[in-house]
Amino acid sequence: MRLDASGKVSLDHIYTAPDPRTYFQVLRPLGYCVPQLAKPYFDKLVKEYRETEQVAVPRVLDIGCSYGINAALLKYDATMDELYARYDGSGPGTRAGLLERDRDLSRSRSPAQALRFTGLDASAEALAYAHEAGFLDDTVNADLEAGDPTPAQRDLLAGTDLVISTGCIGYVTERTLTRVVAAQDGRLPWMAHFVLRMFPFDPVEKALEELGYRTTRVDGVFKQRRFAGPQERQGVLDSLAAADVDASGLEEEGWLYAQLHLSRPQHR
């Protein structure tokens with residue numbers, strides 16, 4: 001088992017397969033569930049944004065979107081259980097077959113939410129699948145930690161109404177978020193980030209405050225997934241201890257936990 005610098009097991013390979021089967025088959029035994037837990041909070045934020053800003057079809061940017069999981073849940077009212085069953089290996093055996101079935105899903109279901117989804121991710125393979133399946137409307141294949149978006153990527157990022165994420169903050173930092181905001185030409189999209197407790201949000205909050213945001217943390221914690229084994233458990237507990245975060249009753253019991261941070265323009 002190879003751990004990354006944070007103490008978590010490295011699962012990089014599940015994000016670069018040509019279709020989502022590896023992703024879901026690796027994460028299912030670990031009980032990965034944070035997108036499902038995030039769904040009602042994102043739904044509520046979309047509703048509030050739509051009513052407050054009078055925007056009929058909000059544009060959502062999902063940072064670290066992988067195969068468009070949040071888009072499938074929010075646009076087509078899918079569930080994580082449904083997606084786990086969908087990619088368990090018992091269905092079509094080829095990427096083309098999976099795509100045909102997923103296009104049928106996106107065509108046959110009336111969208112539960114009138115949304116336009118853009119996915120930002122470093123995995124070209126995951127983005128391509130999500131876009132071809134109809135989960136994502138636009139894609140930005142970029143590492144905004146390393147540099148500014150290209151003019152074409154900036155055009156795709158512009159006009160974003162809501163920015164969401166469910167686990168990438170910590171690997172993605174305030175550098176990415178400030179570059180996303182810079183692409184808006186003065187507009188400040190609302191944000192909702194589910195962040196593992198091992199990663200301090202303070203640097204992100206400070207950078208967003210300087211841009212004109214006010215951040216609040218929603219009470220409570222949210223399960224992300226089980227530890228992949230005792231080595232990962234110890235690595236994460238060590239990271240939590242180094243960050244002076246009390247793991248008793250939470251991570252010590254065998255699960256990774258996230259907190260939800262909401263950032264809105266200060267005038268809201």
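Which residues does Arg50 touch, not counting residues up to four places away in sequence? Arg50 touches Val55, Ala56, Pro58, Gln113, Ala114 and Leu115, where contact means heavy atoms within 4.5 Å. This is a predicted model, in which local features need pLDDT of at least 70 and side-chain atom pairs count only at pLDDT 80 or more, while totals for chains, interfaces and linings use all residues. Residues are numbered from 1 along each chain as its sequence is written, and side-chain values use heavy atoms, with hydrogens and water left out.

**Arg50 and its setting**
- Arg50 is found in helix H2; helices (H or I, at least four residues) and strands (E, at least two) are DSSP runs, numbered from the N terminus.
- With a relative accessible area of 22%, Arg50 is partly exposed; buried means under 20% relative accessible area, exposed over 50%, and partly exposed in between (1.4 Å probe, protein chains only).
- Arg50 and Asp161 are 111 residues apart along the chain, and their C-alpha atoms are separated by 9.5 Å.

**Nonpolar core**
- The largest nonpolar core has 81 residues, and Ile63 and Leu83 have the most contacts inside it.
- Such a core is a set of buried Ala, Val, Leu, Ile, Met, Phe, Trp, Tyr and Cys residues joined through side-chain atoms within 4.5 Å.

**Cysteines**
- The structure holds zero disulfides, a disulfide being a pair of cysteine sulfur atoms within 2.5 Å.
- The cysteine sulfur closest to that of Cys33 is in Cys168, at 17 Å, which is too far for a bond.
- The cysteine sulfur closest to that of Cys168 is in Cys65, at 9.5 Å, again too far for a bond.
- Cys33 is buried at 19% relative accessibility, and Cys168 is buried at 12%.

**Pocket and cavity**
- About 910 Å³ of space lies in the largest pocket; a volume is the space filled by probe spheres set on grid points, which are joined across faces, edges and corners.
- On a 1 Å grid over the protein atoms alone, a cavity is a set of points where a 1.4 Å probe fits but cannot get out, and a pocket is an open set with protein on both sides within 12 Å along at least five of seven lines; lining residues have an atom within 4 Å of a point.
- Of the 36 residues that line the largest pocket, Tyr15, Gly64, Gly167, Cys168 and Tyr171 lie nearest its centre.
- The largest cavity has a volume of about 40 Å³, and its lining consists of Phe42, Leu45, Val46, Val60, Leu74, Leu162 and Ile164.
- Helix H2 gives the largest share of that cavity lining, three residues.

**Thr173**
- Thr173 is placed in the loop between strand S4 (162-166) and helix H8 (174-182), and is buried at a relative accessible area of 16%.
- The side chains of Thr173 and Glu145 are joined by a polar contact of 2.7 Å; a polar contact is a pair of N or O atoms within 3.5 Å, where within protein one must be able to donate a hydrogen and the other to accept it, and residues adjacent in sequence count only if both atoms are side-chain atoms.

**Positive phi**
- Asp77, although not a glycine, has a positive phi of about 55 degrees, and is partly exposed at 45% relative accessibility.
- Asp185 also has a positive phi of about 55 degrees without being a glycine, and is exposed at 62%.
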